[in-house]
Amino acid sequence: MKLNLLSCDTQRPDRRAISKCILEISSNMTPALSNDLTDILLEGDPVEIEIDDKGSGSALRALRKSSIDYEVVE
């Protein structure tokens, strides 16, 4: 399943926690890429990631817990 991460709505976003969340839920992600995508997301640009269908429910919960708005692409 592909997701567009649209924005993060917290006052003071925790870059490390968001990067870790993206790394854990994404398939085929490296820590460096996760950090880069986190920076892009926090600058206000959308980011597309791919997650496994098996863990999609827990992945979506993790994104909501981090106050990340998303939309499902596939």
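**View 1. Strand β1 and its two antiparallel partners.** In this predicted model, strand β1, made up of residues 2-8, runs antiparallel to strand β2, residues 47-50, and four bridges join the two. Within this pairing, Asn4 stands opposite Glu48 in β2. Strand β1 also pairs with β3, again in the antiparallel sense, and here the pairing extends over five bridges. On this side, Cys8 stands opposite Ile68 in β3.

**View 2. Ser19 in helix α1 and the residues around it.** Ser19 belongs to helix α1, and its relative accessible area of 7% lies under the 20% limit, so this serine counts as buried. Leaving aside residues up to four places away in sequence, Ser19 touches Pro31, Ser34, Asn35 and Thr38.

**View 3. Asn28 in the loop between α1 and α2.** The loop shown here lies between helix α1 (15-25) and helix α2 (31-42), and Asn28 has its place in it. Although Asn28 is not a glycine, its phi is positive, at about 60°. Most residues other than glycine have a negative phi. The relative accessibility of Asn28 is 78%, which is over 50%, and therefore this residue counts as exposed.

**View 4. Ser67 in the loop between α3 and β3.** Ser67 is found between helix α3 (56-65) and strand β3 (68-72), in the loop that links these elements. Its phi is near 60°, a positive value in a residue that is not glycine. Ser67 counts as partly exposed because its relative accessibility, 27%, falls between the limits of 20% and 50%.

Key:
Residues are numbered from 1 along each chain as its sequence is written. This is a predicted model: local features need pLDDT of at least 70, side-chain atom pairs count only at pLDDT 80 or more; totals for chains, interfaces and linings use all residues. Side-chain values use heavy atoms; hydrogens and water are left out. Buried means under 20% relative accessible area, exposed over 50%, partly exposed in between (1.4 Å probe, protein chains only). Contact means heavy atoms within 4.5 Å. Two strands pair if DSSP finds at least two bridges between them.
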